[in-house]
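Okay, thanks for coming, everyone. Let me put the model up and then walk you through it.

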Amino acid sequence: MHHLFAHADMTHILSIVGTILGFINLVLVVKRSIWSWPIGIVMVIIFAFVAYNSQLYAYMTAQVAFIFIQIYGWMTWHKSIQKNHQLVVQKAKKNHIWITIGCIIAASLAFSWMVKKWTNDPYTN
C-alpha cells in the first residue's frame with residue numbers, strides 16, 4: 001500500500017513541475033525566446049510520463065505528438081534565425097492550414113483507433 005501512495009505522490013509532484021514549466025514556457029513564448037522550446041519539450045515529456053502512469057493512454061499519445069511538434073518548431077525557429085539573423089513570424093498559407101487540419105483529423109482518428117484497440121483506457125471503452 002505504501003508503494004501506491006509513493007506512486008501517487010510522485011505523479012502529483014510531476015504534475016506540479018509540469019504545470020510550472022508550462023507557465024515558464026508560456027512566458028518564454030511571449031518573449032519570443034528560443035528557450036521556450038527545450039522547456040516545452042521537458043514539460044511535455046513530464047506530462048506524457050504522468051499520463052502513462054495514470055493509464056491515460058490517449059492523453060499520453062497526444063503528449064508524444066506534442067514532443068514532435070515541439071522539436072519541429074524548435075528546428076524551424078532555429079533555421080529562421082540562422083537564415084535571417086532574426087525571428088521572422090508570418091501568417092500560414094491557406095494550403096498549409098488545410099493540410100494541417102487534414103493531418104490533425106487523420107492523426108486523431110488513428111490515435112483514437114489505436115488506443116481503443118490496444119489499451120485498457122477507461123475513457124475509450
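So, the largest nonpolar core here has eight residues: Leu14, Leu21, Met43, Val44, Ile46, Phe47, Val50 and Ile67. Two helices each give two or more residues to this core, namely H1 (2–30) and H2 (36–53), and H2 gives the most, with five. By nonpolar core I mean a set of buried Ala, Val, Leu, Ile, Met, Phe, Trp, Tyr and Cys residues joined through side-chain atoms within 4.5 Å. Buried is under 20% relative accessible area, exposed is over 50%, and partly exposed is in between (1.4 Å probe, protein chains only). Helices are DSSP runs of H or I, at least four residues, numbered from the N terminus.

Quick bookkeeping: this is a predicted model, so local features need pLDDT of at least 70 and side-chain atom pairs count only at pLDDT 80 or more, while totals for chains, interfaces and linings use all residues. Numbering runs from 1 along each chain as its sequence is written, and side-chain values use heavy atoms, with hydrogens and water left out.

Back to H2. Its buried residues are Ser36, Trp37, Pro38, Gly40, Ile41, Met43, Val44, Ile46, Phe47, Ala48, Val50 and Ala51. The expected span is 1.5 Å times one less than the number of residues. After H2 comes Gln55, with a positive phi near 60 degrees.

Now H3, residues 57–84. With 28 residues, H3 reaches 40 Å from first C-alpha to last, close to the expected 40 Å. Buried in H3 are Tyr57, Thr61, Gln63, Ile67, Gln70, Gly73, Trp77 and Ser80. Leaving out residues up to four places away in sequence, Ile67 touches Val44 and Ile45, where contact means heavy atoms within 4.5 Å.

What about Ser80, then: buried or exposed? Ser80 has a relative accessible area of 14%, so that's buried. With the sequence neighbours up to four places away set aside, Ser80 touches His85, Gln86, Leu87 and Val88. And His85, which follows H3, has a positive phi, near 60 degrees.

Last stop, the surface. Ile97, Trp98, Ile101, Ile105 and Leu109 form a nonpolar patch there, together about 530 Å² of accessible area. Ile105 sits in helix H4, residues 94–118, and counts as partly exposed because its relative accessibility is 48%. Like charges are joined within 9 Å, and nonpolar side chains (Val, Leu, Ile, Met, Phe, Trp, Tyr) within 5 Å. Areas come from the Shrake-Rupley method with a 1.4 Å probe; for residues, only the protein chains shown count as cover.

Definitions and conventions. Patches are made of residues with over 30% relative accessible area and no salt bridge: like charges are joined within 9 Å, nonpolar side chains (Val, Leu, Ile, Met, Phe, Trp, Tyr) within 5 Å. A salt bridge is a side-chain nitrogen of Lys or Arg within 4 Å of a carboxyl oxygen of Asp or Glu.
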